[in-house]
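The following account considers how the parts of a chain are arranged and how that chain meets a partner.

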Amino acid sequence: MKTYILRRLLLMIPMLLGVSLLVFVLVYISPGNYLDALKAQRDIPAEFIAKKERELGLDRPWYVQYVSWLGRTVRGDFGESWSYRIPVAELLAQRAPATLALSLTSLVFAWAIAVPLGVFAAVYRNSIFDKLSALSAYAALSIPEFFLALLAVIFASQWGVFPTGGLSSIDHDYLSPVGQLWDYVHHLILPTIVLGIGGAAGLMRVMRTNMLDVIQSEYVMTARAKGVPENVIMFRHVLRNAINPLVTSLGFAFSGLLSGAVLVENVMNYPGLGQLIFQAFMRKDRDVVMAAVIIGSSMLIIGNLIADILLAWVDPRIRYDK
Amino acid sequence: MTSVSGPLLKVNNLQVDFGSGDTVTHAVNDISFQIRDGETVAIVGESGSGKSVTALSLTRLLPTPPAHYVGGEILFNGRNTLALSENDLRKVRGKQIAYIFQEPGTSLNPVFTIEYQIAEAIQLHRPDVTDVRAEAIRALDLVGIRNPAQRLGDYPHQLSGGMQQRVMIAMALACQPKLLVADEPTTALDVTIQKQIMDLLRDIKVKTGMSIMLITHNFGIIADIADRVVVMFRGKIVEDGPTGEVLRHPKHPYTRALIDCVPKLGAKQRRLRAIDHAEIEASA
Amino acid sequence: MTSDLLHQILRRRAGAFCLVVLILFYVAAFFAPLLAPYATSDQDLTKTYHPPTGVVWQEGRLAVRLYKLVDPTCAKYEAEPGQFAPIHFWVKAPTYHFLGFIPVSHRLFGVEAPARLYLLGSDETGRDVFSRLLYGSRVSLTIGLIGILITTVIGLTVGGLAGYFGGVFDSVAMRGTELIMAIPGLYLIIALRAALAKYFDDSDQIFILIVVILSFIGWAGTARVIRGLTLSLRNRPFIYAAEALGQGPVTILWKHLFPNLFSYLIVTSMLSIPGYILGEAALSFLGIGIQEPSTSWGLMLSQVQDLKVFMLNFWWLLTPGLAIFITVILFNVLGDVVRDIVDPKLKTQV
Amino acid sequence: MPSLRLTVLNSLFRGVAITLAALLIPACSPRQKLKREFPPLPKDVDIITKPPGRYGGIYINVDPGGGPNTFNYLVAEDATSMGAIGTVLEGLVRRNSLTEEIIPGLAKSWEVSPDNKTYTFHLREGVKWSDGAPFSADDVVFTFACIYDERFPNRHASDYSIDGKPFKVEKMDNLTVRFITPDIYAPFLEMVGGGPILPKHALQKFADNGTLMKAWNIGTHPREIVSTGMFRIASFKPGERLVYEPNPHYWRADNTGQRLPYLDLYITKFVRDQNASLAAFATGQSDSEGITPDNVEWVRRGEKAHNYTVHERGPSTVCNFLWFNQNPEKDKSGKPFVEPYKLKWFQDVRFRQAVSHGINREGIIKGVLFGRGTPLWGPETPANTKWFNPDLQKYPYSPEKARELLKLAGFRWNEAGELFDSAENRVSFTLNTNQENPIRQHMATVFKENMKDLGIEVKLQLLDFGTFVKKIGESYDYECGMLGLTGGGDPVGGMSVYLSSGRMHEWYPNQKKPATAWEARIDELMMKQLKTLNLAERKKYWFEVQRIMSEQLPFIYLITPNSYEGVKNRWENVEIPKSGGITWNLDEYYLK
């Protein structure tokens with residue numbers, strides 16, 4: 001197992017090199033650069049723009065830029081954000097907790113809803129409950145996420161119980177520690193629901209399908225023939241098998257922990273990484289973009305690895321020892 | 001003790017349907033047979049003849065829907081299992097009537113150890129057993145598994161097909177049932193293993209004296225073990241009699257056809273005869 | 001195989017319903033220029049945010065109510081009692097080329113100017129939402145089809161060849177797919193969109209760009225699955241038999257392997273179409289999707305992400321959202337039905 | 001029956017709401033009492049003329065700009081960052097946004113030498129930075145030393161120089177600074193005098209070790225960002241909000257000796273999406289909000305319930321225009337930027353005037369903006385009251401006039417109503433604009449339809465900002481562009497636009513020498529207005545430039561949306577200027 005993991009991690013290196021090269025070139029060949037916004041301002045002299053171009057190294061050929069970027073990154077320095085003038089690592093670290101919190105809560109939310117619903121829908125297959133939950137799942141999967149977020153904002157503004165956006169209240173700094181914690185939770189509720197509901201619907205459908213698949217399997221018949229009570233069959237024999245693919249999906253969920261939800265974050269004014277990174281892409285704040293891509297790719301690759309490890313963990317049939 | 005009052009199992013006019021409305025099929029159509037204490041009865045028929053449905057119906061293991069128990073009764077120890085509550089039924093399953101299935105590979109739960117799966121049955125039906133592990137070892141020992149204590153921690157996929165089927169049998173025997181239903185126990189196994197498993201079953205029959213209902217499509221394997229043969233065709237019983245009698249003088253053309261399918265050792269190689277249903281129906 | 005599948009779909013109530021409604025949608029999209037009372041760009045600045053015009057039976061024929069702008073500051077219109085404009089059928093219209101080459105100078109129905117027929121109201125420049133919805137459906141309904149066509153062709157070719165030949169080609173192809181799959185999807189989309197936009201100047205070509213980008217992200221997954229399936233089929237006797245008969249790899253792939261992948265492909269295709277429709281909407285929302293003067297449901301919906309639509313109750317502007325919602329549900333349900341049919345053991349999971 | 005069920009559902013819903021509300025109450029626990037310090041007022045304190053108010057209150061506004069990128073004056077490039085810096089760092093002089101007068105700031109007075117090239121500022125005595133360090137002439141000298149320092153390239157250095165020659169900044173004594181400009185520089189007071197003064201004691205060390213550009217970034221501790229303005233930064237959460245608290249050493253007070261500002265806190269929330277901030281304001285959760293014309297009506301409906309007023313500020317400073325590419329040059333491969341036959345149309349003033357007549361500005365305003373916009377005829381919008389010339393050539397919507405002009409210019413129509421030039425070329429061009437601005441998109445689609453009525457085919461091509469900027473600023477391979485610029489302020493800001501040698505002289509930038517007589521005249525006028533301090537004279541020159549622009553139409557001006565500001569009624573001293581931020585006199589705000 002150890003050598004397997006090591007080998008997979010080593011394979012990351014060429015992969016990340018390829019990813020970074022691809023994205024770097026894409027950013028390079030897209031028209032314009034970070035200085036576009038400056039160029040469009042009428043009182044900026046051309047000499048200043050040229051000076052900035054030299055300062056940022058944008059006047060050099062792309063491979064020189066790439067090599068110098070690579071050299072820096074390999075040494076663990078993600079460079080500096082051109083628009084914020086602070087190290088990229090620091091910039092991302094500022095936003096990471098918010099994104100992490102939202103990713104985790106929506107993940108927990110999705111699981112907490114999807115697993116029981118999926119199980120019950122499968123156990124009571126073709127019942128009213130099954131049909132209703134299937135219908136809701138279809139609905140949840142068919143609403144564009146950003147639209148759902150907009151509806152949530154309107155709902156919040158009309159009902160007044162939930163904040164219309166943001167991460168904390170304006171009087172956050174003047175609250176007691178418990179109050180501050182609650183404040184965060186309070187602000188997380190709506191984004192969590194909006195972000196989690198699609199995932200919940202998807203997971204629920206997978207869970208139901210898996211359950212049905214397992215219910216029809218012969219070892220369930222064996223258990224039943226042994227006289228095992230029905231609820232034990234469902235919650236031990238069936239669930240334990242049916243949840244395996246979902247447990248594996250936790251690995252993929254890991255990949256998404258830091259990628260942020262651009263659409264929801266934008267509409268709901270949630271100051272997370274998604275917002276920041278999207279903005280960086282739009283502004284062509286290159287080092288932020290590259291760092292985001294490297295981190296995102298690493299998370300994806302590691303997430304896949306985790307998924308594979310989890311799969312081996314939950315399913316005794318799978319081993320990577322060879 | 002029970003034999004006084006009659007046979008261990010008595011199936012009367014059982015009818016099981018699948019589906020509903022236009023698409024209904026009579027999987028088992030008005031069949032009756034019985035199994036006495038200590039008797040081994042083979043139910044023979046090709047796939048789709050209703051023999052597995054019959055076996056599963058004994059403890060109502062078929063999912064309803066699509067299955068419907070339309071009529072008849074299944075008297076086990078004098079009690080009609082078709083009329084039992086789910087709860088009472090559970091006490092029959094495993095404890096009174098135990099099953100082994102065709103595919104040991106898929107009949108064992110892949111994510112639990114052998115120990116768990118045997119222990120679960122013991123704990124359910126023999127609450128008085130304190131050392132469940134020892135009991136599980138004994139069960140494995142009984143089915144001829146060497147080093148049973150070491151095998152306990154294994155997962156099903158770590159065992160060969162024959163070993164898996166032995167575990168299934170051990171699991172079935174662990175609760176000391178009155179009737180062992182073996183639904184095509186050797187079909188999925190290699191020929192050499194088939195022999196071993198059949199030998200094992202015969203061995204167990206001798207050792208424990210329990211009744212066995214052996215379900216198979218293969219006349220070849222029953223001669224040595226079955227006391228009686230019931231032949232099923234299209235949901236009906238077409239022949240029922242002592243094994244030797246049926247093998248020597250099959251009355252029904254379908255039985256003859258089935259017997260003809262068995263390649264005889266030493267006999268000149270000839271083409272297996274495909275069973276022609278129309279022909280059988282016409283002659284029946 | 002296909003006709004059998006169709007037959008089975010129609011035998012199920014949900015399947016038949018979804019299929020019929022979707023076909024209706026596609027027919028409407030196909031005949032949009034004929035069905036739509038106006039061109040997508042037809043404006044009327046005196047009738048912006050016009051509510052849907054009521055259609056009534058008047059003097060033995062269909063007619064629309066006429067409205068008066070009561071309060072221009074909030075686009076409040078009121079029906080003028082007793083004022084109607086009759087709806088004419090097969091009316092003369094500026095000549096356009098149906099399918100690009102059949103000149104047509106009529107539309108199915110319409111009213112005489114200056115009255116306007118707004119079945120689903122008008123937008124911020126007085127364009128007919130119904131007409132735009134019809135034209136927009138052409139993008140939203142085809143983006144998925146073209147998308148899966150591209151991903152399937154590339155996926156089949158790359159995955160099939162990689163699975164069949166193995167070796168260097170296989171590892172190169174698989175490293176390629178891993179590379180694409182290792183980049184967070186949205187980032188790759190944004191980067192590709194920015195880098196490639198300059199090669200697609202026309203707004204209609206942006207549609208192609210979006211499909212190409214979405215497919216570029218999508219083919220890798222398909223290719224990997226196809227490769228896996230091909231590998232598992234590769235060692236089946238019928239392939240050896242075909243090889244023994246001297247058939248070339250392409251023939252073998254085409255004749256023997258692909259038919260065996262059919263059920264997988266049809267199910268995954270069905271279930272991945274919604275992804276394209278929603279993807280287009282999301283890109284439009286971020287401002288990097290379809291651009292004016294083209295139209296798509298995603299673009300229309302993203303243009304009304306505005307509180308006034310809710311506060312002033314311009315509900316008809318949200319119909320593109322409803323259209324997306326319904327279409328996606330229809331595809332999802334149909335996909336599930338098809339999966340039940342071709343893969344009753346529920347092995348395909350998307 | 002259904003109604004009963006509804007009632008049950010309703011009460012259930014209310015029950016849930018009440019439970020949630022009960023849960024929320026601990027979150028709204030009483031704030032810790034804000035402590036304010038009151039060190040003695042400086043000797044040269046600025047006493048306001050308004051009647052005294054009382055302390056207290058929190059003012060919340062929402063900024064759709066997404067928050068500042070930096071607090072470093074030399075680094076800041078965007079309006080939000082500049083706004084935050086302006087709140088914290090005061091200049092030598094200030095501007096009364098209402099009257100547009102220059103008023104004393106950190107300097108209590110100043111004089112200009114007879115040759116109009118030397119400015120002497122007398123600083124207020126006793127003014128301190130928010131950390132208690134004294135403010136002096138050294139800070140002023142330090143600020144300009146930093147701006148001119150080659151190690152710290154910044155956009156201000158060129159603003160603060162004439163023909164590349166910097167101003168000379170001299171410390172006369174601790175409270176007196178003298179600026180000598182190499183030539184007469186008209187907007188000196190506004191541009192230079194209003195620029196923020198940096199704290200030498202806080203930034204000297206960064207300047208010394210060359211890391212000044214990295215100082216005062218968004219990760220810097222708020223206490224290190226010292227202030228001379230009405231507020232100092234209490235806390236900053238990137239992407240969320242910026243909380244200001246009163247600067248205990250602020251140098252303004254009312255006539256009872258109460259130091260300004262009255263507010264306890266000033267909080268700016270940052271959002272990316274206008275909907276959320278609008279929803280927050282309309283439900284009474286913020287104190288002020290800029291409102292776009294299309295949203296005015298429904299926001300007004302909440303005025304009573306949430307006790308705010310939506311004020312109309314008149315036309316905004318956003319100037320939308322389109323132009324034809326008149327660049328006659330060729331690219332590297334020798335291909336002309338613009339097809340020569342099209343260039344001929346574009347260079348014909350009658351063609352441009354016809355196009356202008358063909359645009360239905362009123363229609364856009366009525367239809368798209370709910371009647372809340374103003375047509376534009378020249379480079380200044382009426383919001384810039386000081387510099388706006390109302391007497392320009394106007395081009396009201398008139399397809400007939402447009403056709404007449406086109407006919408005069410030799411164009412003709414075929415039977416299908418399509419327009420052709422005298423050489424039988426179909427009149428057709430592509431309009432480029434960036435895709436980010438919805439109102440501009442509407443203007444583009446309306447323009448397309450309007451031109452169709454004239455028989456002109458317009459192809460619309462929306463580009464992302466980068467591509468668009470590259471097209472109009474570097475590769476010049478386009479035919480017609482549409483852009484919006486936020487104008488206002490001194491005409492000197494437009495030098496790069498109106499000078500024919502300018503970088504943003506969009507229709508034909510970077511000319512070696514003016515291509516037309518009227519462009520030469522504009523060059524001359526622009527230089528003249530720059531070299532005099534006489535306001536009336538400057539106005540005369542600038543008015544003539546506006547006049548020429550409106551006649552020659554190198555830019556075809558479109559419309560400007562009107563600007564609206566919603567403000568809560570609970571504030572006293574709200575003075576909303578025609579343009580610029582409404583919080584310019586926030587130090588005088590107090591609760592009624």
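The C-alpha centres of domain 1 and domain 2 of chain A lie 33 Å apart. Domain 1 spans 2-74 and domain 2 spans 93-314, with bounds from an automatic or database domain assignment. This is a predicted model, in which local features need pLDDT of at least 70 and side-chain atom pairs count only at pLDDT 80 or more, while totals for chains, interfaces and linings use all residues. Residues are numbered from 1 along each chain as its sequence is written, chains are lettered from A in the order in which they are written, and side-chain values use heavy atoms, without hydrogens and water.

Between the two domains of chain A, 22 residues of domain 1 are in contact with 17 of domain 2 (heavy atoms within 4.5 Å). Together they bury about 1,700 Å², 74% of it on carbon and sulfur atoms; buried area is the accessible area (1.4 Å probe) that two parts lose on being put together, summed over both. Two salt bridges link these domains, a salt bridge being a side-chain nitrogen of Lys or Arg within 4 Å of a carboxyl oxygen of Asp or Glu. A:D287 forms a salt bridge with A:R72, with the closest N and O atoms 3.4 Å apart.

Chain A also meets chain D: 54 residues of chain A are in contact with 61 residues of chain D. The two chains bury about 5,300 Å² between them, 55% of it on carbon and sulfur atoms. Two salt bridges are found across this interface. A salt bridge joins the side chains of A:K52 and D:E77 at 3.3 Å, N to O.
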